[in-house]
Amino acid sequence: MLANMMDQPLLISSLIAHAARYHGQTEIVSRTLDEGIHRYNWAEAEQRSKRLAKALIALGVQPGQRVGTMAWNTYRHLEAYYAIAGMGAVTHTINPRLFPEQIEYIVNHAENQFIFCDTSFADLVAGLLPSFTTVKGIIFMCDRASMPSVVPDALCFEELIAGQDANYTWPEFDERNAAALCYTSGTTGNPKGALYSHRSTLLHTFAAIAPDGLGISASETVLPVVPMFHVNAWGLPYACAMVGAKMVMPGRDLDGASLHELLDGEQVSLTAAVPAVWLGLLNHLRSTGATLEHMKRVVIGGSACPRAMMETFQDQYGVEVIHAWGMTEMSPLGTVNTPKFQFKDLVGKAKVDLQQSAGRPMYGVDMMIVDENDQEMPWDGESVGELMVRGPWVIDAYFNTDPQPAHRIPGWFGTGDVCAIDPDGYIWITDRIKDVIKSGGEWISSIDLENIAVGHPNVAEAAVIGIYHPRWDERPLLVVVKQPGEDVTKDEMLAWFEGKIAKWWTPDDVAFVDDLPHTATGKLSKLQLRERFKDYSLPTSG
Ligand code: AMP
């Protein structure tokens, strides 16, 4: 028997409609390329999103078609998000840091009709335009005065908005329709698209705002540093609308000084980004003596959060770290590290020990670990296997990909991450499957070694890769970037590991470099690093 409750679809437009109606005066502050700091509020954001939706309809965009965005986090990008998905089309966020060939591939694969483009990517887009097969126009996200000349017939965002009124009712349709598309950064092969539905996004948003998710309320000021082109800024543009939080959009400048100015000036209480970004902020704070007066919490994910970073945020600046794990294929939130009941009073070292875990699943995510024969492994905190996940915001199939990579275990998505799960259900990620170092048939965790290395005061960044070894197959090589102006020797570095790990995990050698390669989403690129060191011979190779 069906129930008698209203069958109202879960649509993305309902988020901004709610924010505008019930939190209309709450501010959205953006650092823009053309106007400096821009301020307005949720009510105005919805009005402009509606006008933009009408402009897209006038341009002939049909429901279900993909419209690209190549833009920083600003109010205009937010409007594009809501206008495109709200009118029934699909917001395809394009990561401008991908290689140009990858951008060409995903724009054509997604069959984008139009591309919203920040002026800083004008040359990039102009160069690629002849190879785009379906794009009917580029919309520069600026006013007429700031229009770049490199794409002569480009459309102007502000003119599109000026050409429409806000007399528009968000349409109702099936909540399972596609709303947004994001391609994985694809370290090998072509990027693959994760196509989110309105329903999956709304359910993910409910989980994200909950106290044991990212815990976002109406009284929060949220600064998403994580780009809107990286898994929808981890869902924050939706979460902030759902609760009516104040948003601060950092635009293009993500260096420590620029971020600090906004964090302080706008009294930001919650922010989120990958560890690499926080290195920049912490360096800035260290060198200027500045503090974080208003910030209460920082979400760190996308790569393992080093212990040293966690301790610096918490002990020196009084900012609570929320360590989270997720993937493009998971919308992205999978696990968040918040204490379970029995851990609620943990303090000091015991608390930080637990925070090293990437967390435990929120309601909506189910998980298990399996061995190479796909047999489920115990949650003993020791057994290490591939993490499998399932849930209503977990990918079932990649967008328009034939053949689909098969689900190894029906109904479960294989994450490619290797971890242990402890008896309390917290996951302890040790590696990506392809980054695991196999030494004499045993696995060495590169993430554990990297975390210890960056705990050394003179180390800015560190990566560990497996190098061929005639006796052990592979042995770890530690690659280190020193803190500016500081020194550390190989022997000092290796001595740093003593007592912190099993002796046989100790790297066989240390290489000092000026920089480490990163992927388009700010993670260490082990692929490029292995390429750099492919002819490296370890001193232990004999
Ligand atoms: P992406 O799809 O670009 O968001 O990348 C997802 C991948 O980032 C995951 O599969 C993990 O390998 C890695 N990742 C995300 N969060 C964490 C974390 N907290 N610790 C370790 N690795 C992480």
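The model is predicted. Its secondary structure comes to 16 helices and 25 strands. Along the principal axes, the C-alpha atoms of the chain fill a box of roughly 75 × 60 × 50 Å. A compact globule of 542 residues would have a radius of gyration near 24 Å, and the chain has 23 Å, so the two values agree.

**Two open sheets**

Strands of a sheet pair through backbone hydrogen bonds, and the pairing is either parallel or antiparallel. Strand S1 (residues 27-31) and S2 run antiparallel and are joined by 5 bridges. In this pair, arginine 31 stands opposite isoleucine 37 of S2.

Another open sheet has 7 strands, ordered S7-S6-S5-S3-S4-S8-S9, and its pairing is also mixed. Here the edges are strand S7 (155-156) and strand S9 (193-197); each has a single partner strand, so one side of each lacks a neighbour in the sheet. Within this sheet, strand S3 (residues 66-70) and strand S4 (residues 90-93) run parallel, with 4 bridges between them. Glycine 68 stands opposite histidine 92 in S4. Helix H7 (residues 198-209) packs on the sheet and touches strand S8 (178-183) and S9. The direction of H7 makes about 80° with that of S9.

**Backbone features in loops**

| Peptide bond | Form | Omega |
|---|---|---|
| Serine 331 to proline 332 | cis | about 5° |
| Aspartate 402 to proline 403 | cis | near 0° |

Proline 332 lies in the loop between strand S14 (320-326) and strand S15 (333-336). Proline 403 is found in the loop between strand S18 (385-390) and strand S19 (413-421).

Glutamate 111 has a phi near 55°, which is a positive value in a residue other than glycine. Glutamate 111 is in the loop between helix H4 (100-109) and strand S5 (112-117).

**A cavity and a pocket**

How many cavities of 30 Å³ or more does a search of the whole structure find? The search finds 1. The volume of the largest cavity is about 40 Å³. Its lining is made up of Tyr196, Thr201, His204, Asn232, Gly235, Tyr238 and Ser331. By class, this lining has 2 nonpolar residues, 5 polar residues and no charged ones. Ser331 of the lining is also the serine joined to proline 332 by a cis peptide bond.

The second largest pocket holds about 390 Å³ of space. Its lining has 16 residues, and Glu382, Val384, Thr430, Trp443 and Trp505 lie nearest the centre of the pocket. Strand S20 (427-432) and strand S22 (442-444) are the elements that give two or more residues to this lining. The lining of the second largest pocket divides into 8 nonpolar, 4 polar and 4 charged residues.

How values were computed:
Residues numbered from 1 in each chain as written. Predicted model: local features only at pLDDT ≥ 70, side-chain atom pairs only at ≥ 80, totals over all residues. Heavy atoms only, no water. Pairing = 2+ DSSP bridges. Contact = heavy atoms within 4.5 Å. Axes fitted to C-alpha atoms, helices over the stretch in contact; angles between N-to-C directions. 1 Å grid on protein atoms, 1.4 Å probe; cavity = no way out; pocket = protein on both sides within 12 Å on 5 of 7 lines; lining within 4 Å. Points joined across faces, edges and corners; volume = space filled by probe spheres on them. Nonpolar A, V, L, I, M, F, W, Y, C, P; charged D, E, K, R; others polar. Rg over C-alpha atoms; globule rule 2.2 N^0.38 Å.
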